[in-house]
Amino acid sequence: MTVLNINETRAYIDGIWIGAHNGETFSVYNPANGETIESVADCGEVDVRKATEAASRAFKSWSRKPAKERAAYLHKAAESMQRAEEDLAKILVEECGKPMREAIGEIRYGASYFQWFAEEAVRAYGEVIPSNSPANRFIATKHPIGVCALITPWNFPNAMLARKAAAALAAGCTIVAKPAEDTPLSALALGKILEHVGLPRGVFNLIPSSRREEMGAWITQDPHIAKISFTGSTPVGRKLFELSAPTLKKLSLELGGNAPFIIFDDADLDAAIDGVMASKFRNAGQTCICTNRVFVHASIEETFANMLTERVAQLQVGSGADPNTDIGPLINQRAAEKVSSLVTSARSEGADLLIGGARATQGELFFEPTVIRSVTNEMKIAREEIFGPVVTLISFETDDDVIEMANSTEFGLAAYMYSDSVKRAWRVSEELDYGMIGINESAISNAQIPFGGIKQSGQGREGSKHGLDDYMEIKFRLFGSIS
């Protein structure tokens with residue numbers, strides 16, 4: 001049961017909930033019905049400066065706290081999230097449109113990062129390096145990098161902030177977080193959680209804003225910020241990289257994807273169908289690691305297409321508040337227009353529509369679960385990230401052919417393959433140019449794994465012990481004249 005009020009619309013700077021300096025607000029809408037949920041503080045440059053200065057002041061004491069003390073705060077945050085999970089999930093349903101069961105899953109997923117990094121905080125080991133002289137000793141130690149700016153996306157507004165914040169806090173860093181303007185309420189609720197557990201003033205700061213481009217400039221130019229962690233589109237990631245160059249800030253970037261899902265002729269088709277359904281239709285297809293291109297061996301393609309279409313026909317579209325809903329709305333009009341445009345483009349290029357393919361009757365942001373067959377890897381829908389409930393089926397003949405097609409993209413975040421051959425699984429997974437690969441499993445993300453991509457899908461890793469390292473620097477010391 002909830003033990004605190006987690007509803008908030010103001011910024012959180014230096015331990016105080018406060019309106020934007022300019023007095024302005026922006027509206028947050030429910031994508032299921034278009035109604036205004038809340039008006040939220042619309043922070044500007046003055047607020048950014050206040051937040052980074054507060055984080056900078058707090059860094060000295062927070063970074064020197066014993067790791068065990070920092071871990072205790074993270075354990076309390078995880079426990080508070082678990083107690084308040086239903087109320088946190090309701091916020092997600094309202095501002096993001098997720099079905100309630102998915103929203104509950106996200107809150108638990110977010111809490112798992114606080115649990116994980118509470119344990120990792122006390123394991124930031126240094127090392128003693130063998131010296132080349134009997135009189136010298138070589139020591140390498142890890143230290144928090146400093147103030148970190150966390151820029152989070154709208155599709156997992158609780159979990160993505162939790163994943164970044166937990167690692168940064170565990171490492172001894174302080175935080176200035178800027179949530180996506182479509183879904184700031186979940187981030188503000190997490191701020192209430194961290195306030196509730198007694199996190200010291202200035203350690204965690206939240207600055208909601210509708211000014212995306214200006215915020216990027218203010219954050220990258222601010223001298224107090226040592227590191228930026230961003231989850232979002234590749235074009236925005238490139239821009240942040242460019243803007244950060246003059247001050248050489250450290251960047252972690254989790255960017256776009258174009259995930260291939262490869263089904264070989266020896267695969268367990270029932271398991272593969274389950275995998276596609278789970279990967280493609282979670283959050284209405286609005287996830288960075290969701291299946292974007294389904295490659296099916298030609299010998300089983302028709303059978304697979306029929307089986308998949310039967311499963312997709314059973315999905316229920318509706319408001320996330322309805323317990324029977326499987327597919328909620330897309331996040332905004334721009335997203336809905338993009339999905340419609342890609343489906344129209346695919347059909348004009350010769351693809352066959354098996355089911356769906358249009359806006360759903362539940363509202364202008366709802367899109368029918370869709371399966372398209374006879375897609376080629378050259379079509380626009382196969383080259384761009386769909387970010388909607390649309391499956392594209394591409395036929396292939398040989399292992400080498402499908403490896404080449406799967407890799408023929410600038411992205412390299414996640415990939416999936418289903419085969420009963422260990423030899424094939426090993427060889428193909430080695431040759432796939434992706435940061436994460438699921439083999440006979442599509443649920444690949446949890447706190448223990450190094451989440452991240454290669455190529456234009458970003459740099460750095462979140463989760464696992466590597467996620468802690470991304471918020472730390474290595475200091476080397478040579479002790480001379482020891483003997």
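The largest pocket is lined by 44 residues, of which W154, R212, G232, S233 and V236 lie nearest its centre. Its volume is about 1,300 Å³. A pocket here is an open set of points on a 1 Å grid over the protein atoms alone, with protein on both sides within 12 Å along at least five of seven lines, whereas a cavity is a set where a 1.4 Å probe fits but cannot get out; lining residues have an atom within 4 Å of a point. Grid points are joined across faces, edges and corners, and a volume is the space filled by probe spheres set on the points. The model is predicted: local features need pLDDT of at least 70, side-chain atom pairs count only at pLDDT 80 or more, and totals for chains, interfaces and linings use all residues. Residues are numbered from 1 along each chain as its sequence is written, and side-chain values use heavy atoms, with hydrogens and water left out.

Two or more lining residues of the largest pocket come from each of α7 (212-221), β10, α8 (234-244) and α11 (333-348). Helices (H or I, at least four residues) and strands (E, at least two) are DSSP runs, numbered from the N terminus. The largest share, seven residues, is contributed by α8. The lining of the largest pocket comprises 21 nonpolar, ten polar and 13 charged residues. In this classification Ala, Val, Leu, Ile, Met, Phe, Trp, Tyr, Cys and Pro count as nonpolar, Asp, Glu, Lys and Arg as charged, and the others, Gly among them, as polar.

The second largest pocket holds about 560 Å³ of space. It has 31 lining residues, and those closest to its centre are F156, A278, R282, N283 and T287. Elements giving two or more residues to this lining are α4, α5 (159-171) and α9 (269-281). Helix α4 gives the most, with five residues. By class, the lining of the second largest pocket has 15 nonpolar, eight polar and eight charged residues. F156 also takes part in a contact with a charged side chain: K98 lies over the face of its ring, 3.5 Å from the ring centre. A charge is taken to sit over a ring if NZ of Lys or CZ of Arg is within 6 Å of the ring centre and within 35 degrees of the ring normal.

One cavity of 30 Å³ or more was counted. The largest cavity has a volume of about 50 Å³. Its lining consists of K164, S229, S252, L253, E254, F451, G452, G453, Q459, G460, R461 and E462. Strand β11 (residues 250-254) supplies the largest share of that lining, three residues. Two residues of the cavity lining are nonpolar, six polar and four charged. F451, one of the lining residues, has the charged end of R163 over its ring, at 4.1 Å from the centre.

Strand β10 (residues 225-231) has six of its seven residues buried, so it is largely enclosed by the rest of the structure. Buried means under 20% relative accessible area, exposed over 50%, and partly exposed in between (1.4 Å probe, protein chains only). Strand β10 runs parallel to β7 (residues 147-151), to which it is joined by five bridges; strands are paired if DSSP finds at least two bridges between them. Within this pairing, C148 is the bridge partner of K227. Five bridges also pair β10 with β11 in the parallel sense, and T231 stands opposite E254 of β11.

A hairpin is formed by β3 (residues 25-29) and β4 (residues 36-41), with six residues between the strands. These strands pair in the antiparallel sense over five bridges, and Y29 has T36 in β4 as its bridge partner. G34 in this hairpin takes a positive phi near 80°.

Eight aromatic pairs are present in the structure. The ring centres of Y109 and Y113 are 5.2 Å apart and the planes lie at 70°, so this pair is edge-to-face. Rings of Phe, Tyr and Trp (its six-membered ring) pair if their centres lie within 6.5 Å; planes under 30 degrees apart count as stacked, over 60 as edge-to-face and the rest as tilted. Y109 and Y113 are four residues apart in helix α4 (residues 100-120), and are therefore separated by about one helical turn. Y109 is buried at 15% relative accessibility, and Y113 is buried at 0%. Ring pairs also link F261, Y416 and Y418 into a cluster.
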